[in-house]
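Have the sequence and the 3D view ready, and let us walk through a few parts of this structure together. We will look at a helix, then a strand with its partners, then a sheet.

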Amino acid sequence: MTVLKVGLAGLGTVGLGTWNVCKNNAEEIVRKAGKKVKIIAVAEAEKNKFTCLEKNEAIYFSDAMKLTDVSEIDVIVELIGGDTFARAFVIEALKKGKHVVTANKALLAKYGNEIFKTAEENNVTVGFEAAVAGGIPILKVLREGLTANRIDWIAGIINGTTNYILSEMEARGITFEKALKEAQDFGFAEADPTLDIEGYDSAHKLALLASMAFGTKLNLDKVLVDGITNLDLREVIYAKKLGYRVKSLGIARRRNSNLELRVHSTLIPENCLMANVNGAMNAVQVKGNAVGNTLYYGQGAGAEPTASAVVADLVDIARGDRKKMITSIPALSFQSDQVKDLNVLEHLSIESGFYLRIRVLDQAGVLADITRCLSNENISVDAFFQKNHLKDDIYTDVVLLTHKCMGKDIFDAIESIKSIKSVIEDPIVLRVESLE
Ligand code: HSE
């Protein structure tokens with residue numbers, strides 16, 4: 001029986017999950033891959049993590065770079081994280097003719113153009129299914145299952161931590177801070193949770209999804225990113241009153257020859273499927289021009305769900321022959337000479353509905369003043385209510401939903417609204433999407 005020999009770098013949560021899935025599902029994997037998938041070497045800075053592994057016949061290194069010198073290794077699995085050492089390590093492995101499998105979305109979103117080029121030049125492949133939405137095989141969907149389609153848009157809940165926080169704020173009326181603490185205790189927040197709550201983890205994943213969906217270069221710097229750190233519980237409560245839920249969505253949409261790439265809190269109708277993705281679960285909706293709307297749901301984090309994606313990439317490599325792998329299934333879905341650098345729209349040029357919360361002195365004429373500012377920009381109101389946040393308050397929250405309009409128009413209207421005397425705070429503005 002031939003063996004695919006693997007060098008595993010990093011025995012954190014996903015590294016350990018990968019070790020366990022390879023071991024526990026070894027028989028099933030051989031039946032599918034036609035080869036054994038065997039971890040023959042492990043690199044991990046903390047040696048005790050390695051010595052704890054049961055039935056361990058692998059060679060140990062403290063320095064991951066040493067794995068690249070082991071000539072029998074066919075594939076290196078990079079689960080170290082970060083983007084400084086990991087970048088040098090992955091490039092070195094590819095240059096030495098080893099395939100690489102990684103869950104490192106930050107690394108690929110930042111340096112993917114260089115990494116995929118190096119892989120192609122060295123006739124090896126980079127598997128990264130685990131980098132986006134954990135156990136959901138969304139990259140394979142884009143690369144293979146939906147390859148006949150021209151993709152119109154993708155919208156995803158691609159960060160479990162933020163989804164947990166928003167779901168719990170809505171379900172239990174708890175604050176952002178309390179929900180974040182719970183997410184950290186459950187262990188699905190990143191080591192540095194700012195990547196999750198400020199939207200960067202989703203932005204990394206969105207850059208990869210967009211590249212695969214539209215055949216564009218990885219364009220992380222052009223993703224509009226707005227996290228949930230400043231989201232007030234009131235937005236969640238008021239959205240519910242209007243028949244919406246607030247979700248942090250990553251949205252990539254084709255607009256003629258341009259793209260929208262954005263991560264932000266978004267109101268979506270409460271009866272759509274995506275609005276009912278709760279807790280730390282992930283979901284990605286893809287609209288293709290032939291297939292229509294499709295939805296993929298599952299665990300976006302955790303040891304074995306993420307390892308499921310890592311090991312699937314290993315099985316793909318075990319099944320393929322090296323030459324065929326490169327020529328028939330490009331890692332980023334499009335043939336590399338067909339990848340374009342599509343223009344990414346800035347927020348003023350992006351059309352959507354909007355949610356506005358405007359805190360005002362509760363007195364005659366203020367509503368007329370606000371709607372005048374909107375109508376001056378030709379913005380039509382779709383729904384409206386007014387709510388005293390605190391009892392006997394002289395102030396009130398005016399909450400409005402608009403029909404679709406351009407970002408520029410709403411931001412011009414907001415500038416005028418801010419100059420109304422009875423408006424006492426900068427208005428809160430969120431986008432609304434129907435996901436149809
Ligand atoms: N921290 C991420 C999340 C998991 O909360 O979804 C890994 O991408």
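## A helix and its cover

The buried residues of helix α14 are covered by elements that include β14, β15 (381-387), β16 and α15 (407-418). Here contact means heavy atoms within 4.5 Å, and helices (H or I, at least four residues) and strands (E, at least two) are DSSP runs, numbered from the N terminus.

This is a predicted model, in which local features need pLDDT of at least 70, side-chain atom pairs count only at pLDDT 80 or more, and totals for chains, interfaces and linings use all residues. Residues are numbered from 1 along each chain as its sequence is written, and side-chain values use heavy atoms, with hydrogens and water left out.

Which residues of α14 (residues 366-376) are buried? They are V366, I370, C373 and L374. Buried means under 20% relative accessible area, exposed over 50%, and partly exposed in between (1.4 Å probe, protein chains only). These four residues cover an arc of only 95° around the axis, which puts them on the same side of α14. That arc is taken from the directions from the helix axis to the C-beta atoms. After α14 comes N378, which has a positive phi, near 65°.

## A strand with its partners

Next, follow strand β14 (residues 351-361). Nine of its 11 residues are buried, so β14 is largely enclosed by the rest of the structure. Strands of a sheet pair through backbone hydrogen bonds, either parallel or antiparallel. Two strands count as paired if DSSP finds at least two bridges between them. The table shows the pairings of β14.

| Partner of β14 | Sense | Bridges |
|---|---|---|
| β16 (residues 395-402) | antiparallel | seven bridges |
| β17 (residues 405-406) | antiparallel | two bridges |
| β18 (residues 428-432) | antiparallel | five bridges |

You can find these pairings residue by residue.

## A parallel sheet

Now turn to an open sheet of six strands, paired in parallel in the order β3-β2-β1-β4-β5-β6. β3 (59-61) and β6 (126-127) stand at the edges with a single partner strand each, so one side of each has no neighbour in the sheet. Within this sheet, β4 (residues 75-78) and β5 (residues 99-102) pair in the parallel sense over four bridges, and V75 stands opposite H99 in β5.
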